[in-house]
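I took up the interface, then a sheet, then some backbone details.

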Amino acid sequence: MHDPIFPHHHLLGIEGLSPLEINRLLDLSDPYVEVNRGPDKVSESLKGRTIVNLFFENSTRTRTSFELAALRLGANVINMQVEASSVSKGETLIDTAVTLNAMHPDVLVVRHPQSGAVKLLADKVNCAVVNGGDGSHEHPTQALLDALTIRRRRDKIEGLKVAICGDVTHSRVARSNFYLLLTLGAEVRVIAPRTLIPSHLDRLGVQTFSDMREGLKDCDIVMMLRVQNERMSGSFIPSVREYFRFFGLDREKLSLAKPDALIMHPGPMNRGVEIDSDVADDFERSVIREQVELGVAVRMAVLELLANNLSADRAKGSKP
Amino acid sequence: MSTPNTMKIAYIDARILDPATGLDIVGDLLTIGEDIADFGENLFGSAPPSDATIINAKGLCLAPGLVDMRVQVREPGEEHKESLRSAAEAAVAGGVTTMVCLPNTQPVLDDQATLEFVARRARLLALTKVYAYGAATKGLKGKELAELGLLAEAGAVAFTDGTVAIADTQVMRRVLSYAATFDLMIVQHPEDAALAGNGVVTSGEMATRLGLSSIPREAEIIMLERDMRLVEMTGARYHAAHVSTSESVEIIARAKDKGLRVTCDTAPFYFALNELTVGEYRTFAKLSPPLRSDEDRQAIVEGLKSGIIDVIASDHSPQDQDSKRLPFAQAAFGGSGLETLLAVSLDLVHNEDLSLIETLKRVTCSPAQLLGLDAGHLRKGSPADLVLFAPNEGWKVVGDNFKSKSKNTPFDGRPVQGKVFRTIIDGRTVFEAAS
C-alpha cells in the first residue's frame, strides 16, 4: 500500500509538497536518528532491493550519505559515477536511463549538473527516483535534513526567521530550502551581493537584503551557502577578500542575529570565504556536523518510503 | 516544345480575401494555367466555363498563399533535421506558398553557388516557392562583409546572419552602410550575445524557480536601441526578426515615427505563448529568443494590432529528437512552425484582437512587399498561389503528425482553430487535406 500521506513515486523536489507531506518525511526520519546513534544500525526493511547511486557530478558527501542510508536498510547499493566522457561518446542521459532501467533497480538516486535532468530521467524509468541535486534547481534531501536539524533544535519551523546567505543564484540547496521553509511557515530572507541573487525572488515570498547587518537582524537561523571558487572572481564578485569582508559570517556580523541563532552550512565549507572558522566551529551554535549526521536519517526515510510505494505500484501492476 | 498549360480551375462561392487591397467578398475565382485569370462576385453569372474544373469552396476562405519570411531549412548540411523537401511539404500543409530560408546551413549561404543550389533544388521539388537570404557577413562570423551585391544578383532577397546578431558595432555599421549602397535590407536577430551569455530562458520567476540560467529582456532591447542609432547613421533598410518584448515594440515605433526605414516581425510563439510554457523543463518550448512574460506577450499582440509589427513569420527552427531530448540547458533552441503558422495566427482573429484581413496581411502581402516578391496578393495575371481554408474549423496540434521532419512544437497538444484544406501553387493543387 502507498504511504497514506506521502503517496508519490519520486522525490524530485520540495516545490509542490504540502506541509503535511513534508512533515511526514521529517516524522519518518526522526526515529532513524536514534537508530543511527545506537549500536545496531542495520535493518532488513529494504532487503533484496537494489539502489543505484547515479552521479553525473562528483559528490563524495552526498553519495556516501545515500550509500550508508541504503546499506543500513539492508539494500544492495551500486555506485555509478558517470563522467562527462560517456556524453562525449554520444550517450545521452536518456540512453543511460534506458540501459539502467533494463537492470531493474528499485530506487535511483541521481545527481546531475543540469537543472531538470533528474526529471527528464524520471520520466523514462519505471523505478523510484530521488533527486540528489540537479544543477541550480533543487536538492530536496538537503532541505529536509536542514529542516530536521532545525526542528529538533527548536521544536518548530513555523514563525522562525531564517537567513540564507551567499550564492543563491547557483544554489539548489537554497531553492529547496525556500520552498520547504516557506511551506512550513518560516520567514525566509536572502542576503547576498545583487550579482548572486536571482530575479523575482520576492514572488516566491522571500525577502532580499544586500547588507548582512540588516538581513541578519533578529534571525533564528543563519544558513550559509558555499561560494564556488570558480565563480568567485571577475564576473560575479571582485575577490574572495572582498566577499569575506562584506558577506562572510564572522562573530561581529553574527552578533546581530538572535543570541542563540543556529549556524548552518550544507558543506563543504570554504573557511575564510563565506564563513570564519571561529564561527563554523562554535560547538554551541554551529549545527553543521549535526546536519551531516541527520542527512543519513532523512535519506533512510526517503529511500524506505519510496521503495515501499514502488512495491505497492508493482503489486498493482502500474508504472510509477 | 511543351504545350502551354491552359488548364482552367474555377473556385466557386468562396469568401475571397485579398489583404493587399482589403477585398473581402463572397464570389468566384478562375485560374488559367499558372495565373489568376479573374475573380469577383458572381464572376461566372449563371454558369462557370464548361471547360473548367469546378471546386466548390462554399464556406471556405480563399486567400493568397502565405509568405513565410523566416524559415530555417537544414539543407545543405543537416538534412536529418529538415530537408528542402520536408520543409516544403510542411509549408504547403500549412498554407505557405512562399518561404524564405535563413542562410545558416552547412555550408553557409554566403556565396552564389550555394544560393543557386538551394534555388535549383527548390525548383525541382515544385512545391512551395523557396527564396533565400544571403549571409550578411562571411561564414556568419560577424567579422567581414559577405558579397552582398553578387548574392543579390544571384537571388538573395535580403541579408542576415540568421540566428546570431552582428555583435561588433563597427561591422554592423559597415554592413548597413554597404547594404544601403544597393538598397538591400538587413535582417537582424536582435540579441546582445554577451548579455544573453549561456542563458536558456528569459529572466524572471520561472528561471529562478527552475534554476536555469537566464537571458534578460534587455539583451534584445539593448541590441535594438544600438541598431536604431546605426540605421539613423546609415539610412539603411533594417528589419528586426521575432521581436518579443514590449520595449522592442516601443523602439520600433519610435524609429518609424522618425522616418527610419525600419520594420519588424514576430512569430506565433511570442504572441500565443509565455514563459510558463517552459515549466516542467519542456525543451520543445526552448526557443530563441526565449518565451517572455505574459505582459510582453500582450505587448506583442498590441504591436500587431497597432501595425507596429509588420509581419508574422513562423520562425520555423527544426531540430531532431536527439537535439531536444536532453536536459533543458543542453537541448537545442528552436521549434517547428510552418504547419501551425496560419492556425495560431488566427488566434488573433478568434480573440478579436485583429480582423481576418489584417491578420492575413501580416502573413501574405506585408512580407512579400518587404522582400520585393510577386506574392501575397490576388491580382489578375499574377501567379495563382492560393490557400483555401476554414477559419473556424478546430483541430489539435500533434507534432508527430507533422510533415516536417521536426516534430518539436511548443504548441503540441494545443487545440487551434483554422484548417488548411487546399494549397495551390502556380495553379496546381500541391496539398489537399484528408477529408
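This is a predicted model: local features need pLDDT of at least 70, side-chain atom pairs count only at pLDDT 80 or more; totals for chains, interfaces and linings use all residues.

**Entry 1: the interface**

I began with the salt bridges, and the count between chain A and chain B is 3.

I then asked which helices of chain A each supply at least two residues of the side that touches chain B. They are helix 4 (93-101), helix 5 (117-122) and helix 7 (172-183). Helix 5 of chain A gives the largest share of that side, 3 residues. Sorted by class, the side of chain A that touches chain B holds 8 nonpolar, 9 polar and 5 charged residues.

Next I looked up the extent of the interface. Contact involves 22 residues of chain A and 16 residues of chain B. The buried area between chain A and chain B comes to about 1600 Å², and carbon and sulfur atoms give 56% of it. In chain A, the residues that lose the most area to chain B are A:Gln114, A:Ser115 and A:Lys119, together 26% of what that side buries.

**Entry 2: a sheet in chain B**

I turned to an open sheet of 6 strands in chain B, which has parallel pairing and the order 9-10-11-14-15-16. Its edge strands are strand 9 (134-135) and strand 16 (311-312) of chain B, and each pairs on one side only. Strand 15 (residues 262-266) of chain B runs parallel to strand 16 of chain B, and 2 bridges join them. I found B:Thr266 opposite B:Ile312, which belongs to strand 16 of chain B. Helix 8 (residues 246-257) of chain B packs on the sheet and touches strand 14 (237-240) and strand 15 of chain B. The direction of helix 8 makes about 155° with that of strand 15 of chain B.

**Entry 3: backbone details**

I kept in mind that most peptide bonds are trans and that most residues other than glycine have a negative phi. From A:Gly267 to A:Pro268 the peptide bond is cis, with omega near -10°. I placed A:Pro268 in the loop between strand 9 (262-264) and helix 11 (277-280) of chain A. The peptide bond from B:Ser288 to B:Pro289 is also cis, with omega near 0°.

I located B:Pro289 in the loop between helix 9 (268-272) and helix 10 (294-306) of chain B. B:Glu280 is likewise found in the loop between helix 9 and helix 10 of chain B. I noted a positive phi, near 65°, for B:Glu280.

Definitions and conventions. Residues are numbered from 1 along each chain as its sequence is written. Chains are lettered from A and ligands numbered from 1 in the order in which they are written. Side-chain values use heavy atoms; hydrogens and water are left out. Contact means heavy atoms within 4.5 Å. Buried area is the accessible area (1.4 Å probe) that two parts lose on being put together, summed over both. A salt bridge is a side-chain nitrogen of Lys or Arg within 4 Å of a carboxyl oxygen of Asp or Glu. Helices (H or I, at least four residues) and strands (E, at least two) are DSSP runs, numbered from the N terminus. Ala, Val, Leu, Ile, Met, Phe, Trp, Tyr, Cys and Pro count as nonpolar, Asp, Glu, Lys and Arg as charged, and the others, Gly among them, as polar. Two strands pair if DSSP finds at least two bridges between them. Axes are lines fitted to C-alpha atoms, for helices over the stretch in contact, and angles run from 0 to 180 degrees between N-to-C directions.
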